[in-house]
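Reader: I am new to this structure and would like to understand the words used for it. Could you take me through them with care?
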Amino acid sequence: MKKQIHILEGLLILVVILLLGLVTIKFIYHIRHEKVDTTYMWNINFTNLNVTEGSKEGKINLENNSINLDVTLEKENEFYEFTIDIHNTGSLDAEITNYNLDADNQDNILKYYLTYDNGLSIDIGDKLSSDEIKTIKVRVEYPHQPSKVYKALNLKLSLNIEYSPIY
């Protein structure tokens, strides 16, 4: 009888050890695969969109840190221009790792420019410190044509700026 009790005690201890091992493994797995809220560390947004006075009508769509513009200009010297702030509200500094400026430019007549509001060009590696705001400017112009073009021209522009944290 004592032998059977010792065997049962041994089995009970073995089961408890196995259960504790499984619980420990599950706990470690949960910690390693936990989603951590890092928005306070990394948060860059487009804010404060302002269309310049005198600009013609256009459609701007902001989503997921990309800007989509659809504008039609009808005659020479017309333009569409806007500024937008890039605000780093996170606690990490950032730099531009890539940016794409794609344009579907009807007849390749309209001119478009992307700069900071002070006129400097936007380059890969430009820094954006924590809590810093930089303003970019996008301008579309219908330039003077030596031979007259008597039609409205459409431009579809897509801008996507990618930032990475600086550790």
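Author: Let us begin with a polar contact, which is a pair of N or O atoms within 3.5 Å, where within protein one must be able to donate a hydrogen and the other to accept it, and where residues adjacent in sequence count only if both atoms are side-chain atoms. This is a predicted model, in which local features need pLDDT of at least 70, side-chain atom pairs count only at pLDDT 80 or more, and totals for chains, interfaces and linings use all residues. Residues are numbered from 1 along each chain as its sequence is written, and side-chain values use heavy atoms, with hydrogens and water left out.

Reader: What joins the side chains of asparagine 45 and asparagine 43?

Author: The two side chains are joined by a polar contact of 3.3 Å, a value within the 3.5 Å limit.

Reader: Why is asparagine 45 called partly exposed?

Author: Its relative accessibility is 31%, and since buried means under 20% relative accessible area and exposed over 50%, with partly exposed in between (1.4 Å probe, protein chains only), asparagine 45 therefore counts as partly exposed.

Reader: What makes strand β4 largely enclosed by the rest of the structure?

Author: Ten of the ten residues of β4 (residues 79–88) are buried, so the strand is largely enclosed. Both of its faces are covered, with Phe79 among the buried residues on one side and Tyr80 among those on the other.

Reader: How do you know that β1 and β4 pair?

Author: Two strands pair if DSSP finds at least two bridges between them, and β1 and β4 have six, in the antiparallel sense.

Conventions
Helix = DSSP H or I, 4+ residues; strand = E, 2+ residues; numbered from the N terminus.
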